[in-house]
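Work through the exercises below with the sequence and the 3D view at hand. Each task is followed by a solution in steps.

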Amino acid sequence: PYLYNPGTDVTADEKLVPFRGHCPFWQYMPSKPAKYGIKIWVACDAQSSYAWKMQVYIGKLTSGGLEKNQGMWVVLDVTDGLRGHNVTCDNLFTSYELSQQLLKREGDEAFSLKFAFTPTDTLVSYLPKRNKNVVLLSTLHKTAEISDREDRKPAIILDYNNKGGVDNLDKMIGTYSCRKMTAHWLLVIFHNIIDVSSYNAFVIWNKITETRVIEGYVT
């Protein structure tokens, strides 16, 4: 977080580090390619996929009770320190309470001006096909803008595509990884730190090179 300032759009999502060895908090996620592994909460720059902050999910509370409002607290934790950013996440995290907590951070900042059916929120219901309903909650959009595409998708749904930051990070480090087969979960997390750090360094290098080209230092 100290070396890179994310752009306007930030993605909050979960990633799965593949692992099938012994670990007290391994997860089964059938929607992920690996299905078994260690789950990590991630906040990424939506454009570059720079991993700005990550947290390892260590499972249920030691007290054995249910973790209330988990999605909300995850997003608030991994975006803590950001101001004036648009945070995109899927329905695992989305709630009205989260939207209000994020707005409280902004106060009177210009970025907190949102389009809403309530004074602060917009709930969009969209049917891409028969008997399939898509519902999104936004505190960003100020107008009921509809695209001129044939499917007439609202701008809020098109902007939801910014959510791909974490997925792209997973794809990149899955292609270029130092990960080795191991039965120790600590090594799995360590290898993931190396992979993500390498990608983050690549993003920083690209940004520095781009800046130098603009300023005329590199031809």
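Glu-14 counts as buried, because its relative accessibility is 11%; buried means under 20% relative accessible area, exposed over 50%, and partly exposed in between, with a 1.4 Å probe and protein chains only as cover. The model is a predicted one, in which local features need pLDDT of at least 70 and side-chain atom pairs count only at pLDDT 80 or more, while totals for chains, interfaces and linings use all residues. Residues are numbered from 1 along each chain as its sequence is written, and side-chain values use heavy atoms, with hydrogens and water left out.

**Exercise 1. The salt bridges**

Task: Find how many salt bridges the whole structure has, and state which residues form them.

Solution. 
- Step 1. Apply the criterion: a side-chain nitrogen of Lys or Arg within 4 Å of a carboxyl oxygen of Asp or Glu. Side chains of opposite charge can pair when their charged atoms come close.
- Step 2. The search of the whole structure gives two salt bridges.
- Step 3. In one of them, Glu-14 pairs with Lys-39, and their closest N and O atoms are 3.6 Å apart. This pair links distant parts of the chain, since Glu-14 lies in strand 1 and Lys-39 in strand 3, 25 residues apart. Lys-39 is buried because its relative accessible area is 9%.
- Step 4. Asp-170 forms a salt bridge with Lys-15, with 3.1 Å between the closest N and O atoms. Here too distant parts of the chain are linked: Asp-170 belongs to helix 4 and Lys-15 to strand 1, 155 residues apart. Lys-15 has 1% relative accessibility, so Lys-15 counts as buried.

**Exercise 2. The order of elements**

Solution. 
- Step 1. Take helices (H or I, at least four residues) and strands (E, at least two) as DSSP runs, numbered from the N terminus.
- Step 2. The protein chain then has five helices and seven strands.
- Step 3. Of the 219 residues in the protein chain, 38% are buried.

**Exercise 3. Partners of strand 1**

Task: State which way strand 3 and strand 5 run relative to strand 1, parallel or antiparallel.

Solution. 
- Step 1. Two strands pair if DSSP finds at least two bridges between them.
- Step 2. Strand 1 (residues 9–18) and strand 3 are antiparallel and joined by nine bridges. Val-10 stands opposite Asp-45 in strand 3.
- Step 3. Strand 1 and strand 5 (residues 86–88) run parallel, with three bridges. In strand 5, Val-87 is the bridge partner of Val-10.
- Step 4. Strand 1 is mostly covered, as eight of its ten residues are buried.

**Exercise 4. A hairpin**

Task: Describe how strand 3 and strand 4 are connected and paired.

Solution. 
- Step 1. Strand 3 (residues 36–45) and strand 4 (residues 51–56) run antiparallel, and five bridges join them.

**Exercise 5. The faces of helix 4**

Task: Sort out which residues of helix 4 are buried, and where the exposed residues Lys-171 and Thr-175 lie.

Solution. 
- Step 1. The buried residues of helix 4 (residues 165–175) are Gly-165, Val-166, Leu-169 and Ile-173.
- Step 2. Viewed down the axis of helix 4, these buried residues fall within an arc of 95°, so they line one face; the arc is that of the directions from the helix axis to the C-beta atoms.
- Step 3. Lys-171 and Thr-175 are on the face turned away from the buried side.

**Exercise 6. The largest nonpolar core**

Task: Name the residues that touch the most other members of the largest nonpolar core.

Solution. 
- Step 1. A nonpolar core is a set of buried Ala, Val, Leu, Ile, Met, Phe, Trp, Tyr and Cys residues joined through side-chain atoms within 4.5 Å.
- Step 2. The largest core has 19 residues, and Ile-38, Val-42, Cys-44, Ala-51 and Leu-169 touch the most other members.
- Step 3. At least two residues of this core come from each of strand 3, helix 4 and helix 5. Helix 5 gives the most, with five residues.
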